[in-house]
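Dear colleague,

I am handing over the structure below, and I would ask you to look at it slowly before you read my notes on what was found in it.

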Amino acid sequence: MLFEKENYKDKKSIIIYFSRADENYAVGYIDKGNTEVIAEYIKELTDAEMFKVERKIPYSKEYRACVREVEDEQENDERPELAHTLDNIDNYEVVYIGAPVYCGLLPQPMVTQLEKLNWSGKVVRPFTTHEGSGLGNIPRQLEDICNGAKVVDGLAVRGTSVKNAKGKVEAWI
Ligand SMILES: Cc1cc2nc3c(=O)[nH]c(=O)nc-3n(C[C@H](O)[C@H](O)[C@H](O)COP(=O)(O)O)c2cc1C
């Protein structure tokens, strides 16, 4: 039997994402983060709004220093301050949540932001960029944080292949 894939494309949507430019694993210094490239494809395909989560004090530009900061932050389960906050998602049915996998998990600034929102009745579609971990533990983490939302099928794209991933994003949408 054929099952129709749920049509999320025409629902009121927002993309909440984190992405870091500067020096990164496998790609060197980049002007635009990998996750942002995917977020922009999703916007093009769905006409969703976009909200970029930004740490008030950005992570180091240098990759190794950034990893140390992220490890400390995760170990201490910190909620880093944000440059700006999204207050509510009342106008949206579907929320695309995008992030690089950081040591298997969401970047902590995403946790700061997502915990502030009321998730009741929302559909959450996770997407990640990564260098081998796929979605990591992010869907499970989102089940916890986005209490009351339905977390559905996620999309994982390798950071090194985002520029060729538009077709993959389209198939997932
Ligand atoms: C602090 C840090 C931790 C990372 N941890 C992982 C990881 O656990 N698994 C993985 O596959 N990639 C890991 N990566 C690679 C990133 O997920 C990958 O490069 C991603 O595409 C970066 O997205 P961005 O450019 O949008 O920030 C890590 C990168 C950084 C900077």
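**The ligand and its surroundings**

An oxygen atom of the ligand lies 2.8 Å from a polar backbone atom of V101, which counts as a polar contact (a pair of N or O atoms within 3.5 Å; within protein, one must be able to donate a hydrogen and the other to accept it, and residues adjacent in sequence count only if both atoms are side-chain atoms). A nitrogen atom of the ligand is 2.9 Å from a polar backbone atom of C103, and an oxygen atom of the ligand is 2.6 Å from a polar side-chain atom of T129. The ligand has 650 Å² of accessible area on its own, and the protein covers 93% of that area (areas come from the Shrake-Rupley method with a 1.4 Å probe; for residues, only the protein chains shown count as cover).

Please keep in mind that this is a predicted model, in which local features need pLDDT of at least 70 and side-chain atom pairs count only at pLDDT 80 or more, while totals for chains, interfaces and linings use all residues. Residues are numbered from 1 along each chain as its sequence is written, and side-chain values use heavy atoms, with hydrogens and water left out.

Around the ligand there are 20 residues, of which S19, N34, T35, T129 and S133 come nearest (a residue is near a molecule or strand if one of its heavy atoms lies within 4 Å of it). This shell divides into 7 nonpolar, 11 polar and 2 charged residues, where Ala, Val, Leu, Ile, Met, Phe, Trp, Tyr, Cys and Pro count as nonpolar, Asp, Glu, Lys and Arg as charged, and the others, Gly among them, as polar.

**The pocket that holds the ligand**

Where does the ligand sit? The ligand sits in the largest pocket, in the sense that more than half of its atoms lie within 2 Å of the pocket's grid points. A pocket here is an open set of points on a 1 Å grid over the protein atoms alone, where a 1.4 Å probe fits and protein lies on both sides within 12 Å along at least five of seven lines; lining residues have an atom within 4 Å of a point. The lining of the largest pocket divides into 9 nonpolar, 11 polar and 2 charged residues.

With best wishes
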